[in-house]
Amino acid sequence: MPKYDVVVVGAGLAGLSSALQTAIAGKKVLLIEQHNLPGGCATSFVRGRFEFEPSLHELCDFGPAENPGDIRNILDAYGVKINWYEVPDCFRVMTVGSDGKPMDVTMPSGIENFKAALNREVPGCAEQVDKLFDLFEEVLAGIGYITASKGHADSNVLKRDYPNMLRTGAYSTKKVFDALKLPLKAQDILSTYWSYLGVDMNHLAFIHYAAMVHKYVSRSAYIPAHTSHELSVAMTERLRELGGDIWFNCRAEEFLFDGDRCCGVKTSMGQIDCDYVLANINPDIIYGRMMPKELVPEREKKLSAARGQRFGARMFTAYFGLDCTREELGFNDYAIFFQGTADSEKEYNNMLHMETNEYSIALCHNVANPEFSPEGTCVVFFTSMNGPDDWNDITAEDYTAKKNAFAMKLVKQLKDKTGIDIAPHIEEMVVSTPLTFARYLGTPEGSVYGYETRDWDGMMARMMMLGTDYPIKGLRPIGAAGPRGDGYSAAVICGQLMAASAIKELDEEGGAQ
């Protein structure tokens with residue numbers, strides 16, 4: 001076995017991003033993946049004549065060429081080129097507002113268009129909304145500065161250039177909304193995206209919310225022309241072009257140490273020696289099963305135990321290949337958010353039990369990409385979230401019936417709310433539960449979001465602790481449990497950030513020698 005500078009474990013987007021960043025820096029890198037395909041959730045699967053997108057709703061922070069976001073800039077720096085489609089609107093939301101009345105609102109992309117639509121829905125809110133978007137801009141700039149500092153931000157710079165970001169840094173989104181005196185209906189509309197972070201507005205740090213929403217509104221959202229598998233494959237091919245090695249069907253079993261420093265990986269294909277490991281694996285699994293327990297720092301044990309009290313979102317997804325077009329169905333919105341209530345904390349708690357769960361996102365990729373499925377067909381994809389107890393103690397016989405029943409509940413919800421009835425047109429139906437994601441990804445409880453980024457453990461707190469949270473020499477967890485939380489954009493950014501930090505450590509150690 002050759003020795004590598006860096007071994008990256010796991011070819012999800014964070015792992016692919018880390019491997020590319022490492023290769024571009026001139027390091028000898030090996031990426032290993034237990035499956036036979038790259039991408040993790042960023043993949044695809046085929047049933048009948050349909051190729052389905054397993055998880056990507058839309059990618060924020062890509063942006064058009066004239067207004068590129070971080071993801072476009074990162075992919076350009078990596079030399080990764082694929083074709084993209086722009087999503088036409090931000091969202092449509094159908095819920096019951098804080099006033100107890102039904103609410104059905106569609107919000108467009110573009111800051112000025114979004115503001116104008118919000119003011120039409122909530123007359124007289126323009127001044128507060130302007131203040132909100134000014135705050136968004138400052139927060140985004142401040143996050144950029146902190147990211148560039150790699151956990152060593154100058155407090156004087158923060159106080160001078162980003163004072164309002166600091167003022168809101170310790171507060172939830174709901175508290176900031178109230179402080180800005182945003183009308184309740186405006187808050188209801190602006191709260192729609194909370195589920196993309198898996199944390200309700202009373203516990204979601206405003207800074208995290210602001211960064212996400214500003215990106216969606218200002219730069220629109222995009223999807224790959226050929227599912228997220230196209231992106232994963234393009235990143236894989238580019239890594240090979242840069243001289244990186246990739247081994248599929250190779251499972252990491254144990255991290256090896258020389259003293260207190262990680263020096264290699266024991267895999268199903270043999271031992272690999274290296275100077276650094278970037279592991280796209282949940283820290284609970286790393287600390288509990290893959291390294292000597294006496295080498296896990298006490299602080300990391302406590303941090304893992306505290307975070308493990310709240311694993312992130314556990315996804316339920318249902319995919320339908322339909323024998324008619326989306327125009328024939330009347331499905332004209334790319335994404336429709338169905339919520340039993342606009343009160344996100346109540347909705348979060350209702351989602352913990354399937355019998356009270358009224359939440360789903362119904363999405364039709366064909367609205368953004370007319371060629372997403374074979375001619376004369378379309379694909380509709382539902383996403384909901386389940387609680388940790390929904391699938392405990394279920395028998396194999398009951399499993400299929402339970403998941404299919406909930407999937408059809410979502411189909412009925414679409415019909416009842418919009419009049420769109422897909423049931424007579426179902427040609428292919430596939431349902432994934434948290435157990436599916438647990439088996440495929442190896443994540444605790446099927447959580448695809450790592451740990452919830454809430455309260456004391458928000459994104460900003462994690463970013464400010466970059467210099468402290470990774471004390472194990474030569475080993476860094478990356479991905480969903482990392483400082484940026486989860487999501488496609490966050491995974492790409494986190495992978496780059498973790499790789500850059502590892503490269504810096506390696507270069508400094510090499511210089512010292």
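Which residue just after helix 9 takes a positive phi? Serine 220 does, with a phi of about 60°. The model is predicted: local features need pLDDT of at least 70 and side-chain atom pairs pLDDT 80 or more, while totals for chains, interfaces and linings use all residues. Residues are numbered from 1 along each chain as its sequence is written, and side-chain values use heavy atoms, leaving out hydrogens and water.

Helices (DSSP runs of H or I, at least four residues) and strands (E, at least two) are numbered from the N terminus. Helix 9 has 14 residues and reaches 20 Å from its first C-alpha to its last, close to the 20 Å expected at 1.5 Å a residue, the expected span being 1.5 Å times one less than the number of residues.

The axes of helix 4 (residues 126-149) and helix 9 (residues 206-219) come within 9 Å and cross at roughly 105°. Helix 4 is therefore roughly perpendicular to helix 9 (65 to 115 degrees, between N-to-C directions of lines fitted to C-alpha atoms over the stretch in contact).

Aromatic pairs (ring centres within 6.5 Å) number 27 in the whole structure. Phenylalanine 311 and tyrosine 451 are stacked (planes under 30 degrees apart), at 5.7 Å centre to centre and 25° between the planes. Phenylalanine 311 has a relative accessible area of 8% and tyrosine 451 one of 2%; both are buried. Phe114, Phe133, Phe136, Phe177, Phe206 and Tyr209 form one aromatic cluster.

Conventions: Axes fitted to C-alpha atoms, helices over the stretch in contact; angles between N-to-C directions. Parallel < 35°, antiparallel > 145°, perpendicular 65-115°, else oblique. Phe/Tyr/Trp six-rings, centres within 6.5 Å; stacked < 30°, edge-to-face > 60°. Buried < 20%, exposed > 50% of the residue type's maximum accessible area, 1.4 Å probe, protein only.
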